[in-house]
Amino acid sequence: MQTMWISLKENVNCGSKHSNKVLLPGKICVKENLNKELIRRFRRSFSEVVNKGFHSPFLYSELNIGDPARNITEIIFQRALTNPSNQLTRKIKRVLRVKNSTEVLERFEKYREKVKELAHHRQQKTHPRSTVDGNELMRFYGTTMCCCGERSRRVSELCRDPACRVCRIIQYNFDTDYTRKNGIRLSTNSEELIDKPISSFKAKIERAVIVCRIIAGTVVDRIDEVKEGCDSVSSKSHHPSSESLVVRNPSAVLPCFVIVFT
């Protein structure tokens, strides 16, 4: 699977240049009988977008059935299922490629160089790959998506629904107050749900997984004492056959593909 991922990474560009587009919250019709908690959640989400002054250069491009990149991505997804028998029940509905901005790509590569430099300075023998490529790995972030419900709808840019976890994650590039404090947990399991779904009044919520490139750097096990110099923390996942990796810096994660499945 790692060989397939390397081939996919080398032949499919995860970033491109395109003009910035301002993503502003649209009008939302709120029924009078909605409880106060949901209303508060919507207002808070909109406030975060506006206050952060977000300008979205991110776009999606859908990979059609038969596209070599889609074929490899689907194989990677299927082979990373917790239970091989789930290959018969898990149906892939869409595969989207994330076109990251030049800024995001540069931040990712700068972080790689920083990890390599620190690893070389420490002369680490336990993680030799850190000095070569920053110990780059492929991992999955299981979440949900709201803007892929209608097959006829072409998904090409971030939606405005605060409940769409995929669009919000890519919007902030995993960089939130929570992730800066707690890190970003990713998994070797392509169907593990890491994010809790948020109710949406606009569209049907779909299961999705974000396929990410990560610079893991120096990895320590959670059962050991977490050292200040480590970059990531490894631990057992909720599923016995998979592992979780908590990356401490959002710059270390680069979303490349979104797979929407049932």
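The protein chain has an accessible surface of about 14300 Å², 51% of it from carbon and sulfur atoms (Shrake-Rupley method, 1.4 Å probe; for residues, only the protein chains shown count as cover).

User: Before we start, what kind of model is this?

Analyst: It's a predicted model: local features need pLDDT of at least 70 and side-chain atom pairs pLDDT 80 or more, while totals for chains, interfaces and linings use all residues. Residues are numbered from 1 along each chain as its sequence is written, and side-chain values use heavy atoms, leaving out hydrogens and water.

User: How many helices and strands does the protein chain have?

Analyst: Helices (H or I, at least four residues) and strands (E, at least two) are DSSP runs, numbered from the N terminus. Here you get six helices and 11 strands.

User: And what share of the residues is buried?

Analyst: Buried means under 20% relative accessible area, exposed over 50%, and partly exposed in between (1.4 Å probe, protein chains only). Of the 262 residues in the protein chain, 50% are buried.

User: How do I read aromatic pairs, and how many are there?

Analyst: Take rings of Phe, Tyr and Trp (its six-membered ring) with centres within 6.5 Å; planes under 30 degrees apart are stacked, over 60 edge-to-face, and the rest tilted. Searching the whole structure turns up two such pairs. One is F77 with F261, tilted, at 5.0 Å centre to centre and 50 degrees between the planes. F77 sits in helix α3 (residues 68-79) and F261 in strand β11 (residues 253-261), so this pair ties together parts 184 residues apart in sequence. Both F77 and F261 are buried.

User: What about Y141 and F174?

Analyst: Y141 and F174 pair edge-to-face, 5.2 Å centre to centre with 80 degrees between the planes. Y141 is in strand β5 and F174 in the loop between α5 (165-172) and α6 (177-182), 33 residues apart. Y141 is buried at 9% relative accessible area, and F174 is buried too, at 4%.
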